[in-house]
Amino acid sequence: MPGSYDVHTYPFECDVVIVTPVKIALSSYDVSLSSLGVTEVARVRPRPSNGKYRVKVPAGEYSVLPVVDGMVIAAGLARNGQGYANYVDLSANEIKTFNITVKYLVY
């Protein structure tokens, strides 16, 4: 049927970039990381075998963004009540699990 598609889950390998909290419009699909004017705190590459990552950052508020070739994959990012994308607030010595779902079309 034209215009319809099935949803499947496939592995998606990309960098995970932790930045100061950032608002990204819901209508955005991909946006240049450099155009957001944020401070990059950390960058990790998930393990290819399981897609998991571990990163240590100071206590604070962050956005956790999937990035490919300098572009944030914005489709599917969660927004908190203030509109911050993939927002996480960390206290000292706190460990959090943060799941990222990337929505993309495969042709």
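1. Aromatics to start with. One aromatic pair turns up here, under a rule that pairs the rings of Phe, Tyr and Trp (its six-membered ring) if their centres lie within 6.5 Å, with planes under 30 degrees apart called stacked, over 60 edge-to-face and the rest tilted. Separately, Lys 23 sits over the face of Tyr 84, 5.2 Å from the ring centre; the test for that is NZ of Lys or CZ of Arg within 6 Å of the ring centre and within 35 degrees of the ring normal.

2. Ground rules before going on. This is a predicted model, where local features need pLDDT of at least 70 and side-chain atom pairs count only at pLDDT 80 or more, while totals for chains, interfaces and linings use all residues. Residues are numbered from 1 along each chain as its sequence is written, and side-chain values use heavy atoms, with hydrogens and water left out.

3. Overall make-up. The protein chain has zero helices and six strands, so the order from the N terminus is simply β-β-β-β-β-β (DSSP runs numbered from the N terminus: H or I of at least four residues for helices, E of at least two for strands). Of the contacts between residues at least 6 apart in sequence, 69% join residues at least 24 apart; contact here means heavy atoms within 4.5 Å.

4. Surface and burial. Buried residues come to 30% of the 107 in the chain, where buried is under 20% relative accessible area, exposed is over 50% and partly exposed is in between (1.4 Å probe, protein chains only).

5. The cores. The largest nonpolar core holds 13 residues, and Ile 24, Leu 33, Leu 36, Leu 65, Val 72 and Leu 77 have the most contacts inside it. Strand E1 (15-19) and strand E4 (60-68) are the elements that give it two or more residues. A second, separate core has nine residues, among them Val 16, Val 57, Tyr 62 and Val 88. For the record, a core is a set of buried Ala, Val, Leu, Ile, Met, Phe, Trp, Tyr and Cys residues joined through side-chain atoms within 4.5 Å.

6. Setting aside neighbours within four places in sequence, Val 72 is in contact with Ile 24, Tyr 29, Asp 30, Val 31, Leu 33, Leu 36, Leu 65, Pro 66, Val 67 and Leu 77.

7. Asp 15, in strand E1, counts as buried because its relative accessibility is 15%. Its side chain makes a polar contact with the side chain of Arg 43 at 3.0 Å (a pair of N or O atoms within 3.5 Å; within protein, one must be able to donate a hydrogen and the other to accept it, and residues adjacent in sequence count only if both atoms are side-chain atoms). Beyond four places in sequence, the contacts of Asp 15 are Arg 43, Val 44, Arg 45, Leu 65, Pro 66 and Val 67.

8. Two partly exposed positions. Thr 39 is in the loop between strand E2 (30-32) and strand E3 (40-44), with a relative accessible area of 49%. Its C-alpha is 5.5 Å from that of Val 19, 20 residues away in sequence, and Thr 39 touches Ile 18, Val 19 and Thr 20, not counting residues up to four places away. Val 68, in strand E4, is partly exposed at 26%. The C-alpha atoms of Val 68 and Cys 14 are 5.5 Å apart despite 54 residues along the chain; leaving aside neighbours within four places, Val 68 contacts Phe 12, Glu 13, Cys 14 and Ile 73.

9. Backbone check. Most residues other than glycine have a negative phi. Asp 69, which is not a glycine, has a positive phi of about 50 degrees; this residue lies in the loop between E4 and E5 and counts as exposed at 77% relative accessibility. Asn 86 also isn't a glycine, and has a positive phi of about 40 degrees.

10. More on Asn 86. Its place is the loop between strand E5 (71-73) and strand E6 (87-90), and a relative accessible area of 5% makes it buried. A polar atom of the Asn 86 side chain lies 2.8 Å from the backbone oxygen of Val 64. Not counting residues up to four places away in sequence, Asn 86 touches Tyr 62, Ser 63, Val 64, Pro 66, Leu 77, Ala 78, Phe 98 and Ile 100.
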